[in-house]
Amino acid sequence: MTVTDQNTMTSKKSTFKFQINDEGNVPKFRQLIDSVNHAISENRLSVGDHLPSVNQICKDYKLSRDTVFKAYTILKEQGVIDSVPNKGYFVAREIRRVFLFLDTFKAYKEVLYDAFTKNLPNNVLADVHFHHYNPEVFKRQIEESIGKYHRYVVMPFDHEEMDAVLALIPSDKLLVIDWNIYSKPGNNLLYQDFGQSVYDGLESVKHLLEKYKEMVFLYPDYTNHPIESVQYFEKFCKHNHIKHSVVTKPSQFEVRSGMAYFSVSDRMLGHFLEQCREKKLEPGTDAGIISYNETPMKKFIYKGITVITTDFQLMGSKAAEFVSGDISMQICVPTKVLIRESL
């Protein structure tokens, strides 16, 4: 049951009401915080507007002083509101909250996240969530976020319900990042190319692949990496008459001398390096490997791991640019090859 305050506070623009759901899972103090932030993001509250007193909220919404005071304390710590003795609480600055929805927090996602947060204006705060490729979690998180944020930056995945869930977010407030999937004309996009860029990347290192007798794509059955990378890998090998295969079962993977491997899984990269050590094979000499996605450590591992990667730092900064202003965006972030000793 939703309790809507009948005794409201009038701002200079419109009527502001706290929305408290007695039966929801969100703590009451968080609902008070969300109400204030949402009103500011919709310009229903402006800098200087006064808020109800702690006592008034306790009375009108039947909440404890501790609950209300906790909400106001957090808002003060975030710089959203301030208070003056004998005059009460008021809006201190126009904070805009952003919903950042990532799949998992891997090393290269940390690069994206750091670039994103470092490029946000001081009045923009990001709440980061993770769906771990779980469709139920994805749907629930989106549904619970609707109406609470100024902008939504979402990293989708391949699932039949994805289209309907993304449609819940107003198109002008949504930026789909990393994977251009289930997008519609006019959607805001900031993505990488998992197909042609793989082909072009392999083409650029073809001279280094000539010393290997076969190429193997390590595409474990647990990965969520787009299948189009495999398709363009096979296309490249066929065009260049390179013997090739795809390994999907990690238990069937065995490093062999004279082979070049392409891995979209860091776990499989670890298996490759471990087997090389056990078999006394030198990466880049006896067996080669290309890894997908740069991480801060790959340039230091085994004299350096060659990677095909998009620019996650650029993706993060461009995503921050989208949420900071009222702009539209359709950008394919370039993919590059970083050649190191592993090939």
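Start by selecting helix 1 (residues 28–41) and helix 3 (residues 65–77): their axes are 8 Å apart and the helices pack at an angle of about 45°. Keep in mind as you look around that this is a predicted model. At that angle, helix 1 and helix 3 are therefore oblique to each other. Helix 1 passes helix 3 in a right-handed crossing.

Now show the side chains where they touch. On helix 1, pick K28, F29, L32, I33, V36 and N37; on helix 3, pick T67, V68, K70, A71, I74 and L75. Colour this contact by class and you get eight nonpolar, two polar and two charged residues.

Next stop: helix 4 (residues 107–118) and helix 11 (residues 312–324), whose axes cross at roughly 35° and come within 7 Å. This crossing is right-handed. From helix 4, select Y108, V111, L112, A115 and F116; they meet residues of helix 11 including F312, M315, G316 and V323. What classes do the residues of this contact divide into? Ten are nonpolar, three are polar and none is charged.

In soluble globular proteins, nonpolar side chains tend to be buried together. The largest nonpolar core here has 39 residues, and F138, V154 and M215 have the most contacts inside it. Helix 9 (residues 228–239) gives the most to this core, with four residues.

Finish by zooming in on M215: its contacts include L202, L209, F233, F236 and A260.

Methods
Residues numbered from 1 in each chain as written. Predicted model: local features only at pLDDT ≥ 70, side-chain atom pairs only at ≥ 80, totals over all residues. Heavy atoms only, no water. Axes fitted to C-alpha atoms, helices over the stretch in contact; angles between N-to-C directions. Helix = DSSP H or I, 4+ residues; strand = E, 2+ residues; numbered from the N terminus. Parallel < 35°, antiparallel > 145°, perpendicular 65-115°, else oblique. Left-handed = near helix turned anticlockwise from the far one by under 90°. Contact = heavy atoms within 4.5 Å. Nonpolar A, V, L, I, M, F, W, Y, C, P; charged D, E, K, R; others polar. Core = buried A, V, L, I, M, F, W, Y, C linked by side-chain atoms within 4.5 Å. Buried < 20%, exposed > 50% of the residue type's maximum accessible area, 1.4 Å probe, protein only. Lists of a residue's contacts leave out its neighbours within four places in sequence.
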